[in-house]
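Here is a short briefing to read with the model open beside you.

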Amino acid sequence: MEICAICYNLFNHSTHRPFSLNQCGHSFCYVCLKKLPKKECPLCKQIFQRINLNKQALELIIMSEFDIKIKKLKNLTKTLEEAFTYISLNIDDEIEQINAETNEVILENLLNKLIFFKQNLDSIFTEILEK
Ligand SMILES: [Zn+2]
Ligand SMILES: [Zn+2]
């Protein structure tokens, strides 16, 4: 993804939207352009009159942000599958061990594993819902 040459942040669709200068076409964040002391491109020094939202770049950004969300959802599915596989593979063993060890320890172990999976899922959900 493209980076603003003034603040070195990646362009995004919210706080760092790319705006291009009408003379040279170089793109910077809106906030960065507003802070420039004069209407001169920081990269090529050409004087500009207007700035325009770089719709093409913004479209690419939105698509790649969408891709990231899809990847996170795929990871979530993978985590869920792993959790279920883990539980289904291990539950028999764990139950067998109940005879050997105290019930309390086994149940606590299982509970801790489930809490761990839940925390993973929570953080993935939070990340997805953040934007
Ligand atoms: Zn910037
Ligand atoms: Zn320029």
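Helices (H or I, at least four residues) and strands (E, at least two) are DSSP runs, numbered from the N terminus. On that basis, the protein has three helices and three strands, which follow the pattern β-β-α-β-α-α along the sequence.

This is a predicted model: local features need pLDDT of at least 70, side-chain atom pairs count only at pLDDT 80 or more, and totals for chains, interfaces and linings use all residues. Residues are numbered from 1 along each chain as its sequence is written, while chains are lettered from A and ligands numbered from 1 in the order in which they are written.

**The sheet**
- Two strands pair if DSSP finds at least two bridges between them.
- The three strands make an open sheet with antiparallel pairing, in the order β2-β1-β3.
- At the edges are β2 (27-29) and β3, each of which pairs on one side only.
- Strand β1 (residues 18-21) runs antiparallel to β3 and is joined to β3 by three bridges.
- F19 stands opposite L53 in β3.

**Burial**
- A residue is buried if 20 or more other C-beta atoms, placed from the backbone, lie within 10 Å of its own, exposed if 12 or fewer, and partly exposed in between.
- Of the 131 residues in the protein, 8% are buried.

**A look at P42**
- You will find P42 in the loop between α1 (30-35) and β3 (51-53).
- P42 counts as partly exposed because it has 14 C-beta neighbours inside 10 Å.
- The C-alpha atoms of P42 and I6 are separated by 7.6 Å, although the two are 36 residues apart along the chain.
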